[in-house]
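This report describes the arrangement of strands, helix and side-chain contacts in one protein model. Please keep the sequence and the structure in view while reading.

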Amino acid sequence: MTEQPTRIDLNALAEEHAAKAATSPHGRSAHLLLHDGVLRQTVIALRAGAVLDEHNAPVAASLQVLRGRVALTVEGRRQEAGPGELHSVPQERHGLLAHTDAVVLLTAVTA
């Protein structure tokens, strides 16, 4: 028997987690929506001004901005990202800053 593909409504998840981030004391909300072997996809919502502190990079990763504006931060440098843009995540310690209320889709490959 073949497994049916999973259908995920990213717009609905973005709306749900943006609302959760708006009321969260830390200004963020995240949901792991796909975990398939080494592949992980996570929706992350951030209130304007919220930060994900610097952390180590996975083996490979990309960040797709679903709404809002964010900046990937790497050693004091910023890579700006807006709606509909897809960016590779650098292979060094990095963080994320939300310029506006934002929702991103993080795709990561872990070892």
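## A first pair of residues

In strand β9, Leu-106 is the bridge partner of Thr-42. The model is predicted: local features need pLDDT of at least 70, side-chain atom pairs count only at pLDDT 80 or more, and totals for chains, interfaces and linings use all residues. Residues are numbered from 1 along each chain as its sequence is written, and side-chain values use heavy atoms, with hydrogens and water left out.

Helices (H or I, at least four residues) and strands (E, at least two) are DSSP runs, numbered from the N terminus. Two strands pair if DSSP finds at least two bridges between them. Strands β2 and β9 (residues 102-109) meet this rule with 8 bridges, in the antiparallel sense.

## The sheet of five strands

An open sheet is formed by 5 strands in the order β1-β2-β9-β4-β7, with antiparallel pairing. The edges are taken by β1 and β7, each of which has a single partner strand, so one side of each is left without a neighbour in the sheet. From one strand to the next, the twist averages 20 degrees. (Axes are lines fitted to C-alpha atoms, for helices over the stretch in contact, and angles run from 0 to 180 degrees between N-to-C directions.) Helix α1 packs on this sheet and touches β1, β2, β4 and β9, while its direction makes about 145 degrees with that of β1. Touching, or contact, means heavy atoms within 4.5 Å.

Strand β1 (residues 28-36) pairs with β2 over 8 bridges in the antiparallel sense, and Ser-29 stands opposite Ala-45 in β2. The hairpin of β1 and β2 has 2 residues between the strands, and Gly-37 there takes a positive phi near 65 degrees. Strand β2 (residues 39-46) is mostly covered, as 6 of its 8 residues are buried. Buried means under 20% relative accessible area, exposed over 50%, and partly exposed in between (1.4 Å probe, protein chains only).

At the other end of the strand order, 3 bridges join β4 to β7, and these two strands run antiparallel. Ser-62, a residue of β4, stands opposite Ser-88 in β7. Ser-62 counts as buried at 18% relative accessibility. Not counting residues up to four places away in sequence, Ser-62 touches Leu-86, His-87, Ser-88, Val-89, Leu-105, Leu-106 and Thr-107.

## The sheet of four strands

A further open sheet has 4 strands in the order β3-β8-β5-β6, with antiparallel pairing. Its edge strands are β3 (51-55) and β6, each of which pairs on one side only. The twist in this sheet averages 20 degrees from one strand to the next. Strands β3 and β8 are joined by 3 bridges, and Val-51 has Leu-97 in β8 as its bridge partner.

## Nonpolar cores

In soluble globular proteins, nonpolar side chains tend to be buried together. A nonpolar core is a set of buried Ala, Val, Leu, Ile, Met, Phe, Trp, Tyr and Cys residues joined through side-chain atoms within 4.5 Å. The largest such core has 15 residues, and those with the most contacts inside it are Leu-46, Leu-63, Val-65, Val-70, Leu-96 and Val-104. Two or more residues come from each of β2, β4 (60-67), β5 (70-74), β8 (94-98) and β9. Apart from this core lies another, of 8 residues, among them Leu-13, Ala-21, Val-43 and Val-103.

Which residues does Leu-96 contact, leaving aside its neighbours within four places in sequence? The contacts of Leu-96 include Leu-46, Ala-50, Leu-63, Val-70, Leu-72 and Val-104.

## Salt bridges

A salt bridge is a side-chain nitrogen of Lys or Arg within 4 Å of a carboxyl oxygen of Asp or Glu. By this rule the count comes to 4. One of them joins the side chains of Glu-15 and Arg-67 (3.3 Å, N to O). Glu-15 lies in helix α1 (residues 10-23) and Arg-67 in strand β4, so the pair ties together parts that are 52 residues apart in sequence. Glu-15 is partly exposed at 48% relative accessibility, and Arg-67 is also partly exposed, at 28%.

Another salt bridge links Lys-20 and Glu-16, whose closest N and O atoms are 3.2 Å apart. Both residues lie in helix α1, 4 residues apart, about one turn of the helix. Arg-77 and Glu-92 also meet in a salt bridge (3.7 Å, N to O). Arg-77 lies in strand β6 (residues 77-81) and Glu-92 in the loop between β7 (86-88) and β8, so this pair ties together parts that are 15 residues apart in sequence.
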